[in-house]
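Visitor: Hi, could you walk me through this one slowly? I am new to reading structures.
Guide: Gladly, have a look first and then ask away.

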Amino acid sequence: MNESIPCPICARSNAVLTYSNINGFIAFECPCCGKCRSMNIDLQLNQSERLALSLFIATHQTGNWDPKFGPMVKTHDDAIAMIQGIEPPRNAIEQMNAVLNAVGELAPNFGQRTHAYNDFEWATFSMSVDPSVMQTVFRELMRLSYLNVESLQTNSGLKYTASLTAEGWERIGNTKKDTASKTAFVAMWFDKELDPIWNDAFKPVLSDLGWKPERIDKEHFTNRIDDEILRRINNCGLLIADFTGARHGVYFEAGYALGQGKPVIWTCNESWRTKMQTEYIPNGTNDPSIKEQGWMDTLHFDTKTYPHLTWSDAADLKQKLEDRLSALGLDLRGK
Ligand SMILES: [Zn+2]
């Protein structure tokens with residue numbers, strides 16, 4: 001089967017349909033996005049969501065999914081969860097910054113060149129709507145001395161390799177400081193019961209105090225601390241770790257953020273105790289004595305010394321978190 005369809009992810013180019021069945025399952029390969037699978041040819045995405053999702057798919061070709069078909073984007077909600085924290089450029093200046101950031105990530109050492117990529121691939125990495133503008137963007141970035149670009153004629157067409165100049169590195173350093181330091185990464189258990197905590201406490205408090213709240217959905221990063229998570233923690237200005245459910249990933253992410261010198265706020269649910277005793281036994285142990293312990297006592301020994309903010313419900317957490325952030329000078333309003 002080699003039918004061509006407009007790419008259901010990016011709509012920038014045509015994708016080759018590699019598989020489809022009567023239940024609506026499709027697999028396709030797009031020159032911008034790479035391989036992808038979906039249950040739905042219309043994911044109801046707006047243009048910036050498409051660009052963000054295309055970047056996500058292209059940079060997650062390997063992972064927990066079948067390498068033959070690439071990542072699975074079942075529904076609109078899946079797509080939205082995948083692109084949290086990825087923001088496409090809104091104007092020409094942001095577009096140029098996006099290209100510089102992409103080069104910085106693809107060739108992170110000074111003087112290093114990226115691999116050679118074609119217009120489609122560069123459009124994906126820098127979240128450009130139109131691959132045909134890439135040459136113009138490159139030219140402009142070279143004129144401004146931010147970028148060195150070389151074009152190569154290859155068997156599969158014209159490709160470009162790029163490296164950042166000292167001015168380019170300085171520029172992305174400055175733009176990153178502005179946006180990244182205002183991102184608050186929330187590490188928590190992705191249990192449905194905790195949805196109100198995210199929706200009615202973490203998200204509104206952080207937004208109200210001038211932060212950009214961000215979390216990564218478990219579904220797409222099952223039990224795996226991957227480069228994407230580390231990258232996002234590297235780029236955040238604050239990490240909030242909620243230990244409800246005692247997830248190993250949360251301990252790791254909190255520890256990693258501490259090591260990076262980020263401020264970390266420790267929270268956990270006080271009424272989780274009952275649940276813990278009846279349903280959730282920490283670390284999968286069958287030792288009955290562990291059920292005698294209260295929730296706080298089940299926290300891992302070396303984090304107990306950190307002041308945990310214990311909460312009863314979303315409203316309680318909202319209030320306490322706001323107080324704690326203010327007390328620590330982490331209210332960004334007016335900053
Ligand atoms: Zn595409």
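Visitor: What does the secondary structure of the protein come to?
Guide: The protein has 11 helices and 12 strands, where helices (H or I, at least four residues) and strands (E, at least two) are DSSP runs numbered from the N terminus. This is a predicted model, in which local features need pLDDT of at least 70 and side-chain atom pairs count only at pLDDT 80 or more, while totals for chains, interfaces and linings use all residues. Residues are numbered from 1 along each chain as its sequence is written.

Visitor: And what pLDDT does the protein average?
Guide: The average is 82, and 82% of the residues score at least 70; pLDDT is the predictor's confidence in each residue, from 0 to 100. Where pLDDT is low, the predicted coordinates should not be read in detail.

Visitor: OK, sheets now. What is the order of the open sheet with parallel pairing?
Guide: The order of its five strands is S9-S8-S10-S11-S12, and two strands pair if DSSP finds at least two bridges between them. Strand S9 (212-214) and strand S12 (308-311) are the edge strands, each pairing on one side only. On average, neighbouring strands of this sheet are turned by 25° against each other, direction ignored.

Visitor: Which helix packs on the sheet and touches S9?
Guide: That is helix H7 (residues 195-208), which also touches strand S8 (183-187) and strand S10 (238-242), and its direction makes about 145° with that of S9. Such angles run from 0 to 180 degrees between N-to-C directions, with axes as lines fitted to C-alpha atoms, for helices over the stretch in contact. Helix H9 (residues 248-259) lies across S8, S10 and S11, and runs at about 155° to S10.

Visitor: What about the sheet with mixed pairing?
Guide: It is an open sheet of five strands in the order S1-S2-S3-S4-S5. Strand S1 (4-6) and strand S5 (72-73) stand at its edges with a single partner strand each, so one side of each is left without a neighbour in the sheet. Strand S4 (residues 34-38) runs parallel to S5, joined to it by two bridges, and Arg37 has Met72 in S5 as its bridge partner.

Visitor: How many residues lie between S6 and S7 in their hairpin?
Guide: There are two residues between them. Strand S6 (residues 147-154) and strand S7 (residues 157-164) pair in the antiparallel sense over eight bridges, and Leu152 has Lys159 in S7 as its bridge partner.

Visitor: Last topic: which residues touch the most other members in the largest nonpolar core?
Guide: They are Cys33, Leu53 and Leu147, out of 45 residues in that core. A nonpolar core is a set of buried Ala, Val, Leu, Ile, Met, Phe, Trp, Tyr and Cys residues joined through C-beta atoms within 7 Å, and a residue is buried if 20 or more other C-beta atoms, placed from the backbone, lie within 10 Å of its own, exposed if 12 or fewer, and partly exposed in between. A second, separate core of 29 residues includes Phe202, Trp211, Leu239 and Leu321.

Terms used. Two residues are in contact if their C-beta atoms, placed from the backbone, lie within 7 Å.
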